[in-house]
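Please open the structure in your viewer and keep the selection panel at hand. Each stop of this tour states what to select and what is to be found there.

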Amino acid sequence: MLRELCTQLGFENVQTYIASGNVALETDEDVVAVKTKIEAALMAYAGKHVGVYVRTHDELCQIAAQNPFHEAQGNQVTAVLIDEDPKRALQKGVRGQVDEELAVGLGVLYAHYPNGMGTSKLKLLGALDGTARNMNMIEKMKALTEPASR
């Protein structure tokens with residue numbers, strides 16, 4: 001569905017990765033226009049707001065390169081994509097933190113779950129409207145977007 005929707009919106013070389021809600025596409029439009037178009041189309045399809053977080057290939061590379069927990073397994077670290085300033089988002093509070101480690105990046109909050117995400121109760125109050133992708137997914141999306149960056 002997501003691939004067809006993005007193709008109908010006029011984006012090119014649209015690819016999705018499994019049923020993850022991630023899509024790679026090519027366009028000359030800026031990220032705000034892409035976000036606005038996809039959110040409007042999802043609203044028409046679903047009848048409710050669905051948040052969309054757009055990152056360019058270069059931004060995905062930056063997220064991966066700046067991962068402060070690079071020694072951890074990719075499925076133990078998430079990049080929480082948000083549209084507001086990550087420092088300000090983190091200042092809004094954290095609940096349920098036990099052994100999880102947090103760090104701020106450019107346009108992203110990093111969370112390291114040393115004992116896995118499955119039992120964690122971590123809530124980043126300033127990122128409740130964001131979306132988290134583990135570093136394995138960030139690497140997959142980097143690979144999918146590589147041809148578009150040339």
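**Before starting.** This is a predicted model, in which local features need pLDDT of at least 70 and side-chain atom pairs count only at pLDDT 80 or more, while totals for chains, interfaces and linings use all residues. Residues are numbered from 1 along each chain as its sequence is written, and side-chain values use heavy atoms, with hydrogens and water left out.

**Stop 1: the sheet.** Helices (H or I, at least four residues) and strands (E, at least two) are DSSP runs, numbered from the N terminus. Two strands pair if DSSP finds at least two bridges between them. Strands of a sheet pair through backbone hydrogen bonds, either parallel or antiparallel. Select β5, β6, β3 and β8: these four strands form an open sheet in the order β5-β6-β3-β8, with antiparallel pairing. Because β5 (101-105) and β8 (131-134) stand at the edges with a single partner strand each, one side of each has no neighbour in the sheet.

Now select β5 together with β6 (residues 108-112), which pair in the antiparallel sense over five bridges. Leucine 102 stands opposite alanine 111 in β6.

**Stop 2: a hairpin.** Select residues 12-16, strand β1, and residues 23-26, strand β2; three bridges join this antiparallel pair. Glutamine 15 stands opposite alanine 24 in β2. Six residues lie between the strands of this hairpin, and isoleucine 18 takes a positive phi near 40°.

**Stop 3: helix α3.** Which residues of α3 are buried? They include His57, Leu60, Ile63 and Ala64, where buried means under 20% relative accessible area, exposed over 50%, and partly exposed in between (1.4 Å probe, protein chains only). Seen down the axis of α3, the buried residues fall within an arc of 120°, so they line one face of the helix; the arc is that of the directions from the helix axis to the C-beta atoms. The face turned away from the buried side carries the exposed residues Asp58 and Ala65.

**Stop 4: the cores.** A nonpolar core is a set of buried Ala, Val, Leu, Ile, Met, Phe, Trp, Tyr and Cys residues joined through side-chain atoms within 4.5 Å. The largest has 16 residues, and those with the most contacts inside it are Ile63, Ala79, Val108, Tyr110, Met135, Ile138 and Met141. At least two residues of this core come from each of α3, β3, β6 and α5 (135-149). Helix α5 gives the largest share, five residues. Apart from this core lies another, of eleven residues, among them Cys6, Phe11, Leu25 and Val52.

**Stop 5: single residues.** Select asparagine 67, in the loop between α3 (57-65) and β3 (77-81). Asparagine 67 counts as buried, at 8% relative accessibility. Not counting residues up to four places away in sequence, asparagine 67 touches Val77, Tyr110 and Met135; contact means heavy atoms within 4.5 Å.

Finally, select proline 147 in helix α5. Proline 147 is partly exposed, with a relative accessible area of 45%. Proline 147 and leucine 25 are 122 residues apart in sequence, and 9.8 Å apart in space, C-alpha to C-alpha.
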